[in-house]
Amino acid sequence: MTELGLTLVRMAFLAGLWLFVIAAVIVLRRDLAQPKDVRPTNSAAPAKRTRTPRPPKQPKTAKPPKASRSTRDTKTSGPTLTVVDGPLVGTVIPLGTTQITIGRAADSTIVIDDDYVSSRHARIYPSEGAWIVEDLGSTNGSWIDRTRLTAPTVLPVGAPLRIGRTTLQMSS
Amino acid sequence: MRAAPTSGRLPHTGARAMSQTETGRRPATRRNRELFLLIIAWGLGVLGTLQVGWATGEGTPQRFWITASVVGVLALLAHIIVRWRVPFADPLLLPLATLLTILGMTMIYRLDVAAAQRAIRNNSPPPTPDVYSQLIWFAVGVTLFIVVLLILRDHRVLQRYTYTAGLIGLALLLLPLIPGLGATINGATLWVRFGGLSFQPAELAKIALTIFFAGYLVVKRDSLALVRVRFLGIGLPRPRDLGPIVVAWVFSLGILIFQRDLGTSLLFFGLFVAMLYIATQRRSWIVLGVGLFAVGSVFSYLAFNHVRVRVQVWIDPFAFADTGGYQIVQSLYGFANGGMLGTGLGRGYPQLVPFANTDFVLAALGEELGLVGFIAIIMIYAIMVQRGFRAAVAVRDPFGQLLAAGLSITLALQIFVIVGGVTRLIPLTGLTTPFLSYGGSSLIANWILVALLLVISHRARQPIPAVEPIPEGATQVVQR
C-alpha cells in the first residue's frame, strides 16, 4: 500500500466517522423538532414547580396545541374544558364527540398527579347535546360548586367542577 | 356544540379511529434510519481493520471476513429484535453502541498486531490475540441485549424489584471481598474469579443499583423534596432524611477503602447524588453531595497512599514519568503524536501505553485518529447520553423517568471520569471505557444498559392505546 493510498484511507475513515455522527445528529434534530405540537405549553408550570416536584404529564395525543390561561383567547370551535386551578392550570381541553376521562392513571385524557385524585376519578361524556359528568367511585369525590356528585350530572357552562386540587370549567 | 374539532386538538379517545389511517398521528419509528446507521458502523469497522492490516504490513487479517460477518450478523440480529419487540424505541442508541463496540474491537485488533510484531522481534512465542475473546463477549452482550428485550415488555415491572435489585447490587459489589473468590488485579480488588474466568461484578452492580435508586426515590422523593429546615439561609433536608445520602457516601468510601477502587466509588456516589437531584429538583442535595464528596476526597487523600499517589501524578505527571506517571505521560505523548488528524490506524505507537486496550483505549484511539476522530467519539457518547435523557423526558411514569436518567448518568459519569483521566483533566481512576475497552463485564453490562434504555424509550414514544368508550345510555342522567 502506498503512502498516498494510506493517507486517503485514513481520511476516508475519519470522514466516515463524521458522516455517522452527522447522520445521527440529523435524526436527533428531527426528533427535537417533532414534539413541539405534542408537548403542553403550560404557562403556569414553572411557577408551580416548587410545589409539585414534577409537573404531571398528560398523554401525548391528549394535548391541545396551545393552552392559554383563559378561555377567552382560545380559538377552539365548540365547547372546551379549561383547568382554572391546580397543577395543570391553563390547560384547555376541547370537548369533541367522545368522552374524556380524568384521573391519576396514565391513560386518562387529563392526568392529574395529585394525592387527592383517584386513578380513575371521573369522566365527562356528551349526551343529547349536553355534557354529563360522572364520578367513577373516587375516594374524595367530584364536586360541582359545593355539591358532591352522586349520580351522572349535567355539567353547566361556567360552573366550577372540582376534582382534588384541580378546578375545571366548561365554556361553550 | 357538537362541531368536531380539528384533528390536532382531538383528545386521544377521539383520535382512536384516526390513529390507524392518519399517518401523521403515528410517530415515525425510524427503524430504516437505524439500519442505515448500523451499515455505516459495520463499514467503518471493515475499513478500519483493513487499514490496520495495510498500514502495519500484515495484509488482510486472518479470518477477517468471517469475523466481519459475525459482527454484522450480530448487529443485524439485534436490529431485527428491536424491530420486532420495541418498534418505537430510539433509533440511535443501537447504532451508536454498535459503532463504539466495533471501534473498540478495531483498536484491540490493532494492539494485537503490535503485540504479535513485538513478539516476533523478541523471538518470543506469539501472544494470544484479544480481539476474538472480545468478539465472544460482544456476542454474549448482544445475546443478553436480546434476552432483555424479549423478557422485559415494560420497564415498570422492574419497580417491583426495587429492594431485590438493591440487594443484588450490594451483593455484587461485595463479592470481590470474599476471600478465595475475589481477586486483586493491579492493586484493585474488583474481580471475581471462578473457573479461570474473571469477572468485574461492579459493572453489573451499577445497573442493579440504578434500578434500586430509581425505585427508592420514586417513593421517597416527596418527603426528600418538601420537608426542609432552614439553616444558614438555605433550605436543608431534615437530619432523618439525610440517611440515604449518608449511607451512599459511607458505602462509596467503603469501596474506596476495601477495594481500593477510586472510579467505582466515585461513580456510585455521583450517580446517587445526581438521581436525588433529578427526583427532588432541590439544589441543596447537590450542595450536600459536593460537600460530602469534598470531605471524602480530603480524608482519602490524607489516609490512603494510593489516592495520594494518583493526585500527585495528576498534578505533575512528568516528575513521575518513570514510575507512577509513566502511563499518563505515555498517553499524553500519544495524543501529541496524533495531533489533529491522527497518525492513521496502524501507524502510531499506542502499544507504548500500558493497558492500552482497557483503561487507555481512548488514548490509543486519540493517537491514531487524532483530535478529529477523538471528538467524533466524544460526540457519539454525547448523543448516546442525550438519547437516554430524551427517553427520560418523554416517558410518562416517574420510575421510568428516573431509571432512564440514572442509566444515562451512569454512562455520562463513567465517560467523564475516564476521558478526564486519560487527558489529565482529573486524577486518573480505573474505570472501563463503555463499549470501547477490552473486557467482558463492562461490554455485557453496557449492552444490557442499552437494552433497558430501548425498552423505556419504546414505552415513551409508543402511541397510547385508545380506551374503549363506555357505552352510554345505561346510566341515569339527573338534571339539576
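This is a predicted model: local features need pLDDT of at least 70, side-chain atom pairs count only at pLDDT 80 or more; totals for chains, interfaces and linings use all residues.
Chain A contains an open sheet of six strands, arranged in the order E2-E1-E11-E10-E7-E8 with antiparallel pairing. Its edge strands are E2 (92-94) and E8 (147-148), each of which pairs on one side only.

Within this sheet, strand E10 (residues 160-163) is joined to strand E11 (residues 166-171) by four bridges, and the two strands run antiparallel. One position in this pairing can be followed residue by residue: A:Leu161 stands opposite A:Leu168, which belongs to E11 of chain A.

## A:Arg162 in strand E10

A:Arg162 is also placed in strand E10 of chain A. Its relative accessible area is 32%, so the residue is classed as partly exposed. Beyond its neighbours within four places in sequence, A:Arg162 is in contact with A:Gly141, A:Ser142, A:Trp143, A:Asp145 and A:Thr167. For A:Asp145 there is also a polar approach: the side chain of A:Arg162 reaches the backbone oxygen of A:Asp145 at 3.2 Å.

A:Arg162 and A:Leu32 are 130 residues apart in sequence, and their C-alpha atoms are 36 Å apart.

## Salt bridges, within and between chains

A search of the whole structure finds ten salt bridges over all chains. One of them is formed by A:Glu3 and B:Arg347, whose closest N and O atoms are 2.6 Å apart. This pair joins two chains, because A:Glu3 lies in helix H1 (residues 3-33) of chain A, while B:Arg347 lies in the loop between helix H12 (326-338) and helix H13 (361-394) of chain B. With a relative accessible area of 34%, B:Arg347 is partly exposed.

Another salt bridge lies inside chain B, where the closest N and O atoms of B:Arg31 and B:Glu34 are 2.9 Å apart. Both residues belong to helix H2 (residues 31-56) of chain B and are three residues apart, about one turn of the helix. B:Arg31 and B:Glu34 are both buried.

The side chain of B:Arg110 has polar partners. It makes a polar contact of 2.8 Å with the side chain of B:Glu368, and one of its polar atoms lies 3.2 Å from the backbone oxygen of B:Gly348. Apart from neighbours within four places in sequence, the residues in contact with B:Arg110 include B:Val52, B:Thr56, B:Pro350 and B:Gln351.

## B:His155 and the residues beside it

B:His155 lies in the loop between helix H5 and helix H6 (162-174) of chain B. Its relative accessibility is 1%, and B:His155 therefore counts as buried. The side chain of B:His155 is joined to that of B:Asp397 by a polar contact of 3.0 Å. Leaving aside neighbours within four places in sequence, B:His155 is in contact with several residues, among them B:Val395, B:Phe399, B:Gly400 and B:Arg459.

B:Asp154 and B:Arg156 form a salt bridge with closest N and O atoms 3.0 Å apart. Salt bridges that share partners join B:Asp154, B:Arg156 and B:Arg459 into one network. B:Asp154 counts as buried at 15% relative accessibility, whereas B:Arg156 counts as partly exposed at 34%.

## A nonpolar patch on the surface of chain B

Which residues form a nonpolar patch on the surface? They are B:Trp84, B:Ile136, B:Val140, B:Leu144, B:Val147, B:Leu150 and B:Ile151, which together have about 640 Å² of accessible area. Helix H5 (residues 131-151) of chain B gives the most to this patch, with six residues.

B:Ile151 is found in helix H5. With 65% relative accessibility, B:Ile151 counts as exposed. In contrast, B:His155, in the loop between H5 and H6, counts as buried.

Terms used. Residues are numbered from 1 along each chain as its sequence is written. Chains are lettered from A and ligands numbered from 1 in the order in which they are written. Side-chain values use heavy atoms; hydrogens and water are left out. Patches are made of residues with over 30% relative accessible area and no salt bridge: like charges are joined within 9 Å, nonpolar side chains (Val, Leu, Ile, Met, Phe, Trp, Tyr) within 5 Å. Accessible areas come from the Shrake-Rupley method with a 1.4 Å probe; for residues, only the protein chains shown count as cover. A salt bridge is a side-chain nitrogen of Lys or Arg within 4 Å of a carboxyl oxygen of Asp or Glu. Buried means under 20% relative accessible area, exposed over 50%, partly exposed in between (1.4 Å probe, protein chains only). A polar contact is a pair of N or O atoms within 3.5 Å; within protein, one must be able to donate a hydrogen and the other to accept it, and residues adjacent in sequence count only if both atoms are side-chain atoms. Contact means heavy atoms within 4.5 Å. Two strands pair if DSSP finds at least two bridges between them.
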